[in-house]
Every structure is written in C-alpha cells, then in structure tokens.
Amino acid sequence: MSDFPSNASMVVRQTRYQVKFFSRVPVALFFTLALPLIMLFLFNALFGDHDVVTDQGSWPVRQFYTGGLAAYTAVSATYSNLANMVPIRRDEGVLKRWRSTPLPTWGYIAGFVWSAIVIALAGVVVMLTVGVVLYDLSIDWMKMPAAFVTFLVGVGSFAALGMAVAAMIKTASSASAVANATILPLAFISDVFVVTDDAPSFLTTIGNLFPLKPFVNAFQDCFNPLVDGWAFDWQALVFIAAWGALGSVVAVKKFRWEPSGAEPRGRRARRAATT
Amino acid sequence: MVAIRVADLHKHYGEIHAVDGVSFSVGEGEVYALLGENGAGKSTTVEILEGHRRATSGTATVLGHDPTDADRELRDRIGVVLQSSGVEGEFTVREVVELYSSVYRTRRGLDEVVGLVGLDDQVDQRVGSLSGGQRRRVDLALGIVGRPDVLFLDEPTTGFDPAARRRSWDLVESLCDDGVTVLLTTHYLDEAERLADRVGVLAAGRLIAEGTPAELIEGISGTVVSFMLPESVAPADAAATLGAVLGAEVRVSGRLVEATVDRPTSTVHRATGWALDQGIELEGLTVKRASLEDVYLQLVERAAAP
C-alpha cells in the first residue's frame with residue numbers, strides 16, 4: 001500500500017481545486033473581481049481627473065483611492081467569498097462528503113483559505129495593473145514591501161474572519177445576505193469609497209473598531225505620495241492580526257461539516273409527540 | 001473476522017430515541033441490509049458508523065476502530081455513499097473522480113470507476129448537468145474510488161431506473177466477490193433480497209428481526225391470500241367484515257385485501273364460499289408464498305401494536 005499524498009501536494013491540489021471551482025461560478029467572479037474594477041472605472045469617470053494640490057506637490061485624486069479599492073478587492077476575495085461559499089458548499093453536502101474521505105480537516109480548510117488568497121492576489125494585481133496602465137497610478141517601489149506585508153496580514157485575517165462568519169451562518173440562503181450586510185455598510189465608513197475628514201464622530205469610532213478601515217488605510221498608504229519612507233503601519237497590522245486571531249479561534253471552534261437541519265429536531269420531535 | 005460491530009447502540013435527541021438499543025455485527029465480506037421505513041433509524045445508525053454522528057451510548061466499531069475518532073487510517077479504508085450529499089456540480093465527472101481519488105492511498109483509475117458505475121459516456125460532462133440517477137452513480141463512483149474494505153450504501157439506488165438499479169446491483173455483487181464488506185440501507189425489499197446475505201429489520205429505532213432473507217421468510221411467513229375488495233363491502237368495514245369471513249387478520253390497502261395465513265386451503269375455501277353466497281366474483285384472487293415484503297409488513301405491524 002502506498003503512502004498518503006504529502007501535505008504540500010495535498011494543499012496545492014486542494015487550492016487548485018478551489019480556485020478552479022471559483023472560476024466556474026460566474027456570480028462569484030463578478031462580485032469578487034469585476035465589481036471592484038467597475039467601481040474603479042466609475043470613480044475615474046466621475047472624478048478621476050481632479051487634482052489634489054498640497055505644498056509637497058500635486059497628484060490626481062485617483063492616486064488616493066486605487067489602493068483602497070485594491071484592498072477592498074482583497075477583502076471581497078477572502079472575507080465575502082468564504083462567508084458566501086462555505087455555507088453553500090456545506091448545505092449542498094459537499095463538506096459532509098469530504099468529511100467521509102481521508103483528507104484531513106485542516107487540508108480542506110487550507111485549500112479554501114489559500115484559494116481565497118490566490119484570488120485576492122490576482123484581484124489586487126489586476127486592479128493595480130489597470131491603475132498603472134490606464135490611469136497613470138504611480139508606484140513607489142520602496143513602499144512595495146510594506147504593501148506586500150500589509151496584503152498578507154490583511155488577507156490572512158479576513159480569510160479567518162470569513163471562515164468564522166461562515167461557521168456562524170445557519171443556512172446557505174442567508175450567507176450572501178450576511179456577507180454583504182456586514183461588509184458593505186462598513187466599507188462606507190472605512191474609507192473604501194469615500195474619504196472624509198468630517199464624518200460624524202460615532203461613525204468614525206465604529207469604523208475604527210473594525211479591521212477594514214485600518215487595512216484599507218494601511219494599504220492605501222503604500223500608494224500615498226504624502227507618506228514618507230517604507231510606509232509600514234505596524235500599529236494597524238497588529239490590530240488587523242488581532243482580529244484575524246479572533247476569527248481563527250471562532251472558525252476552528254464552530255466549524256461544521258453537516259448541512260443545516262441534518263440533525264432531526266423539530267419535525268421528527270413533533271411527529272413522535274403526536275403518535 | 002467481524003468488520004462492523006454494533007452493540008446496544010443508542011442515539012437520543014431529547015425525548016426522541018432515533019436509535020434505541022440496536023445490536024448487530026457484519027462479517028468480513030458480508031453484505032448486510034438494514035431495512036426499515038423512513039425514520040426507523042437506518043440512516044442514523046449508518047451515520048454513526050461513518051463517523052458523522054456521535055452515539056448517545058453503546059459501542060460501534062468499524063474494522064476495529066471507533067468511527068467517531070474519524071481517524072485517517074480508517075477513513076482510507078471505508079467508502080461512503082450518503083443518502084444525500086452534494087458533489088461539485090461545476091466539475092466534470094472526470095475532475096471529481098480524479099480529485100476525490102487523490103486523497104486515498106489505494107485508488108481505482110478513472111476508466112475503471114466510470115466503467116463500474118456505467119458513466120463511460122458522461123466522463124466529460126459537468127456533474128450539474130447529469131440526471132438524478134446519473135448523479136447518484138457519481139455518488140457511487142466516489143464511494144468506491146478509494147478501494148474500500150467496507151462500503152456504506154445509504155439507499156444507493158433511490159431514483160434509479162430499472163436498468164440502472166440492476167447494473168448497480170451487479171456492481172455491488174462484483175465488489176463482494178473482491179471481499180468488500182457492505183452495509184446497505186434500503187426501502188426496496190427486492191434489493192435486500194437480491195443483495196443481502198443477512199437482513200436486519202429496523203422499526204422505531206429497534207432491530208425487530210434479523211436473519212437471511214430466506215430465514216425471515218421461513219420464520220414468519222405462511223402464504224398470502226389476496227383479492228380486490230368487492231364493491232358490496234365498504235372500505236371502512238373491510239378489515240372487520242372480511243376478517244370475520246376469513247377467520248384471519250386482514251390488511252387492506254386501497255382496494256387490495258391481503259391476509260397472511262398458515263392454512264391457505266381453508267382460507268380460500270371460506271373466501272370463495274362467502275363470495276358464492278353473496279353472488280359476487282372475487283376479482284384478482286391470488287394465493288402466493290409470502291415474500292420478504294409481506295414479512296416486513298407483518299413485522300412492522302407487529303412492532304407497532306401495543
């Protein structure tokens with residue numbers, strides 16, 4: 001009898017499988033990758049040509065939101081994608097089927113998480129490339145290490161949070177609603193679409209409590225010509241990572257393989273009570 | 001050697017005892033069928049053995065392992081066809097077979113698997129585009145792709161057309177020739193009769209009878225006398241009226257009147273005598289040996305009686 005496949009080959013195969021799966025779900029492709037790009041086009045069409053003039057120089061305003069939109073793409077590829085897909089796959093019984101195979105639990109989850117990170121990376125690279133090619137986004141290579149590290153901390157944490165929310169969502173039919181209802185309003189107060197300095201203070205406070213705003217700002221700072229040096233925002237990274245750690249704990253504790261309603265409860269109980 | 005052992009197994013959901021003290025064992029290479037109505041506890045029992053559910057009490061072992069530990073060694077040696085479970089509909093048959101086979105130590109090749117389940121012509125179709133019966137064959141394919149020693153089949157042929165059922169029976173039989181142990185649940189008595197070495201009948205979470213199909217038929221049996229309900233008898237009174245006429249317990253379902261009796265000659269005599277007196281014809285009068293189905297109906301009725 002041969003051995004089990006090595007861990008590395010197993011994770012690579014599972015990741016490839018999840019990415020391929022994702023690429024065949026048009027609605028997921030649209031919301032995760034296409035929608036942020038459409039926003040980029042719209043933003044540029046609406047006010048991309050305005051300039052931001054400071055005493056250090058003048059830049060087109062797009063230099064200040066492309067990074068934020070790229071960060072949002074990364075969040076939608078990890079958090080929204082996982083919070084959406086995992087409950088659907090669970091209710092279809094796909095997770096339960098995998099549970100019957102010798103694939104270890106962590107192997108399946110690793111495939112999910114890595115695929116989300118690969119998709120996020122693709123989304124961010126496409127977004128930044130479009131920014132550079134079509135909209136003269138200027139890249140400061142000195143800040144790219146910070147962009148990469150911020151990206152990794154961000155996608156790791158948002159993937160963990162996506163898995164945590166997926167574990168708490170009861171049924172597949174509510175998954176998309178929960179994923180969007182949590183991330184979209186938060187995006188408006190987290191400097192993704194609009195950056196204002198005069199928002200009501202309670203909204204600023206709420207935005208500061210969640211990891212989206214620090215992530216968007218830390219990533220955007222890597223493209224902000226007004227930020228000097230390497231652009232590492234360690235405080236934000238620690239804050240995001242702490243949320244990620246919390247998400248991991250919940251995800252591991254609450255992870256379920258069974259479709260919702262698989263354990264007989266109400267109906268069988270009632271039937272037994274009447275006979 | 002015993003492949004599956006279940007002893008005094010209980011699974012309770014609050015007040016509900018879905019499995020209520022079931023014991024049986026399945027020898028290596030044996031095909032054992034759990035027969036029962038919906039809610040009798042078949043799937044719950046099987047899912048405990050598959051490691052999907054935790055028993056409230058009692059023991060269950062598969063190949064000497066406790067399935068609730070869900071250890072990898074064990075799951076490498078079992079094949080599971082769940083009653084309902086999804087498969088990635090966006091993938092082709094080829095892709096899912098290759099993907100699932102990759103996690104086992106010993107595998108069947110793609111051609112062998114699709115040949116066994118009869119999906120040769122659908123290899124490059126997406127699973128989502130297959131018919132219900134074809135999708136069930138994908139379930140079967142994924143159950144055997146890892147060359148299991150023990151195969152769990154939870155209602156494997158539900159939704160199959162007659163040809164496909166026969167084909168999957170042939171498949172199960174050929175697996176048995178290779179020494180695979182099979183635990184099967186089914187509503188279909190012909191399926192149990194054809195495939196199973198032994199049958200366990202479950203009702204309300206309890207095992208109410210066990211034996212080879214032949215033993216079960218011998219043990220209870222008798223002969224079934226049946227005919228269609230004459231129009232002169234109201235369906236509501238049928239059981240009482242005809243019970244008195246035949247001197248036996250009568251089952252009425254729709255227009256079909258059945259009695260399982262030990263001395264069919266006298267029963268037929270009473271029935272025909274009564275019909276002649278009434279001046280009516282007993283439509284569809286039949287006398288036949290009890291089948292597993294009759295045994296089953298009797299057993300379930302008996303178990304439900306106080």
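In chain B, helices α5 (residues 132-144) and α6 (residues 162-177) pack with their axes 12 Å apart and at an angle of about 5°. This makes α5(B) roughly parallel to α6(B), a label given to angles under 35 degrees. Here, axes are lines fitted to C-alpha atoms, for helices over the stretch in contact, and angles run from 0 to 180 degrees between N-to-C directions. Helices (H or I, at least four residues) and strands (E, at least two) are DSSP runs, numbered from the N terminus.

It's a predicted model, with local features needing pLDDT of at least 70 and side-chain atom pairs counting only at pLDDT 80 or more, while totals for chains, interfaces and linings use all residues. Residues are numbered from 1 along each chain as its sequence is written, chains are lettered from A in the order in which they are written, and side-chain values use heavy atoms, leaving out hydrogens and water.

On the α5(B) side, B:R137, B:L140 and B:I144 meet B:A164, B:S168, B:L171 and B:L175 of α6(B) (contact means heavy atoms within 4.5 Å).

As for the sheet, 6 strands of chain B form an open one with mixed pairing, in the order β5-β6-β7-β3-β8-β9; strands pair if DSSP finds at least two bridges between them. Its edges are β5 (78-81) and β9 (206-211) of chain B, each pairing on one side only. Direction ignored, neighbouring strands are turned by 15° against each other on average.

β5(B) pairs with β6(B) (residues 150-154) in the parallel sense over 4 bridges, and B:I78 has B:V150 in β6(B) as its bridge partner. Helix α5(B) lies across β5 and β6 of chain B, running at about 170° to β5(B).

Notes:
Parallel < 35°, antiparallel > 145°, perpendicular 65-115°, else oblique.
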